Amino acid sequence: MDELRKRAKELLESKTISVVIGYEEGTYNRTRALFVEKPEEASKLIFDSRCVLNLATYITKQEVKAKGKMAIAATIPVMRSIIQLAYEFQVSDKNLLVLGITPESNLMEFKDLLEVETYIHKFEIEINASYREKLDKLAGMTQTERWKFWIDELSPCFKCYACRAACPMCYCHRCTVDFNQPQWIPVPSHELGNLEWHIMRAVHLMGRCIDCDGCANACPLGIPINLLNKRLLEDAKRHFGGYQPVLKGDHLMSTFKPDDKENFIR
Amino acid sequence: MTIDKRIVRKEALEKLFEILKQNNRTIFAPVSKNGKTSFKITESYSSIEKDFIQTTQSSKESVFPRTEKILDFTKSKNSLDAKPFDILQVPEVILWGVRPCDAMGMGELSAIFNWDSKDEIYNSRLSKTTIIGFSCFKADESCFCTSVGGNPGNIEGSDILFTRLGESGDWLAEIITEKGVAIVAIAQDIFQKTENQDKNKYLAEVPVKFDRETIRKKLDAFFESEEWVEQSLKCIGCGACAYVCPTCACFDIQDEIHGKSGSRVRCWDSCGISQFTLHTSGHNPRAVQSQRWRQRIMHKFSYMPERLSVYGCTGCGRCSRACPVDMNILEHLISIQEVTL
């Protein structure tokens with residue numbers, strides 16, 4: 001990733017950009033986020049197959065945003081997140097430059113978010129074979145079996161909210177689960193509290209989740225919560241003909257028309 | 001007191017488990033699922049995970065559950081009837097397969113739960129818990145018990161500590177407390193007399209990485225350091241580190257009300273989460289993540305030793321393993337030790 005290092009250095013030297021968000025070598029063969037502010041530190045940037053953390057999570061973080069204009073090393077899932085965040089007015093060309101990383105690990109700088117949008121639309125959001133198998137297995141279960149599956153999986157959850165913190169779309173300053181007047185979701189991590197939290201989380205992400213698996217990767221207990229999101233993504237595909245984040249337009253879950261042909265919505 | 005040492009033959013360990021089970025003890029032991037090992041109520045010896053470095057969660061949940069009812073209440077016309085948690089309900093528990101760093105953590109939890117008011121529920125749970133520790137014969141790069149006053153064969157906190165005597169598969173049992181003696185009393189045939197055995201050669205090697213006293217002293221003048229900002233920029237503010245920690249004891253109180261009755265529940269909470277210190281006014285004294293991260297380290301390495309005479313870290317390394325963004329406590333402690341003020 002010499003290209004990325006070189007470009008990051010130039011952007012910082014010319015003061016076009018205040019901070020470059022990328023990956024660095026972490027501990028114990030892990031990689032992690034790096035925030036480069038000094039040109040000479042751009043040499044720490046790396047990119048390889050271990051770099052799966054969705055860096056878009058950081059572009060809404062107040063401490064990072066406060067640094068000024070950001071550039072971000074963005075793989076396709078990160079670019080998808082950025083477009084969705086731009087749609088939701090969380091980020092714009094004014095404060096973000098995308099240094100795209102193609103599936104072939106090449107650097108691809110984008111002039112603006114419109115170009116990023118065009119580029120990512122070349123790639124369908126596909127659910128991979130191993131997840132496909134898991135989803136099919138769940139779909140094949142009886143309602144009772146599926147209920148048991150989720151109760152068993154969600155029961156260990158201790159509500160550390162790593163899934164929420166790792167998700168680029170969970171940028172709300174106050175999450176529904178944090179409200180106490182009224183208290184929508186029980187705080188204790190008992191069976192009901194866990195079930196309601198995870199269902200709420202999944203539904204709030206419907207039509208927004210871009211399937212990066214960040215939530216499941218973040219879970220310290222290995223709970224496969226992304227299966228809920230993947231299923232919703234599939235439903236969105238089935239009923240509304242595919243899903244791609246867009247900068248402008250009608251949005252899957254927040255569009256309402258008085259003359260909708262469905263009665264239930266009126 | 002000299003510690004009574006016994007030998008337990010390879011195949012006799014399972015017998016001990018069966019005897020304890022027949023004694024109506026609830027046994028929590030490490031069980032693996034989805035590649036994660038955690039303490040679960042265990043009925044069969046075969047389901048226990050034997051080959052693990054560390055469980056994902058600590059064993060603190062048996063004495064400090066993540067969600068615990070502390071009282072039930074019913075409202076009537078003119079009164080409120082509150083029924084506190086009945087400590088007599090607390091079962092006799094065996095914690096089986098506890099690593100020395102977790103057993104040591106019980107002492108730190110006890111210091112917190114008895115700081116000013118004595119926490120009856122915690123104390124009764126701990127008093128009814130017998131800890132059967134297992135020394136570590138392997139460690140990983142996250143482990144640093146030897147830097148925080150522990151070691152892979154530390155007896156502190158355990159009632160009995162087993163150390164595997166190499167390839168023979170036999171076990172050295174150190175009978176440390178009265179509770180340990182009580183276990184030996186119900187399983188006398190299993191605990192055989194032995195000559196003095198040296199367990200040290202069978203223990204994992206965990207090199208010392210820093211000096212906690214140096215860090216404690218340094219923290220006195222470190223509050224305003226830019227290092228906190230530097231270290232915490234990548235922290236995403238979840239509670240994973242606190243919830244897997246054997247010594248984190250912060251909790252939140254919630255009332256769960258259904259009509260005229262309800263329960264008061266205490267739930268784990270974490271200083272890493274922004275809402276932890278949010279005031280009703282909207283003011284948050286720890287407004288940014290660097291202040292929350294600072295609190296975590298200061299609490300464990302400065303405030304606890306100052307107020308409770310114990311450190312809040314046993315070097316189990318769980319927080320580093322659990323962190324989704326590679327916040328590594330060992331790396332950060334070393335850099336605090338090295339940075340010049």
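Q: What makes β8(B) and β9(B) a hairpin in this predicted model?
A: Six residues lie between the two strands. β8(B), residues 160-164, and β9(B) pair in the antiparallel sense over five bridges, and a pair needs at least two bridges. Ile160(B), for one, stands opposite Ile175(B). In the turn, Gly166(B) has a positive phi of about 60°.

Q: Why is β9(B) called largely enclosed by the rest of the structure?
A: A residue counts as buried if 20 or more other C-beta atoms lie within 10 Å of its own. Five of the five residues of β9(B), 171-175, are buried, so the strand is largely enclosed.

Q: How do you know that both faces of β9(B) are covered?
A: Trp171(B), Ala173(B) and Ile175(B) lie on one side, Leu172(B) and Glu174(B) on the other, and all are buried.

Q: What makes β1(B) and β9(B) paired strands?
A: Five bridges join β1(B), residues 4-8, to β9(B), against a requirement of at least two. The two strands run antiparallel, and Lys5(B) stands opposite Glu174(B).

Q: Why are β3 and β10 of chain B said to stand at the edges?
A: The open sheet has eight strands in the order β3-β2-β6-β7-β8-β9-β1-β10 (chain B). β3 (36-41) and β10 (192-193) each have a single partner strand, so one side of each is left without a neighbour in the sheet.

Q: How do you know which way β6(B) and β7(B) run?
A: β6(B), residues 93-98, and β7(B), residues 129-134, are joined by five bridges and run parallel. Ile94(B) stands opposite Thr130(B) in this pair. β8(B) and β9(B) are antiparallel, and the pairing in the sheet is described as mixed.

Q: Which helices lie across strands of this sheet?
A: Helix α2(B), residues 100-113, lies across β6 and β7 of chain B, at about 145° to β7(B). Helix α4(B), residues 178-186, lies across β7, β8 and β9 of chain B, at about 125° to β9(B).

Q: With which residues is Ala74(A) in contact, leaving aside neighbours within four places in sequence?
A: They are Leu55(A), Met79(A), Ile82(A), Val98(A), Leu99(A), Gly100(A) and Ile101(A).

Note on methods: Residues are numbered from 1 along each chain as its sequence is written. Chains are lettered from A and ligands numbered from 1 in the order in which they are written. This is a predicted model: local features need pLDDT of at least 70, side-chain atom pairs count only at pLDDT 80 or more; totals for chains, interfaces and linings use all residues. A residue is buried if 20 or more other C-beta atoms lie within 10 Å of its own, exposed if 12 or fewer, and partly exposed in between; C-beta atoms are placed from the backbone. Helices (H or I, at least four residues) and strands (E, at least two) are DSSP runs, numbered from the N terminus. Two residues are in contact if their C-beta atoms, placed from the backbone, lie within 7 Å. Axes are lines fitted to C-alpha atoms, for helices over the stretch in contact, and angles run from 0 to 180 degrees between N-to-C directions.
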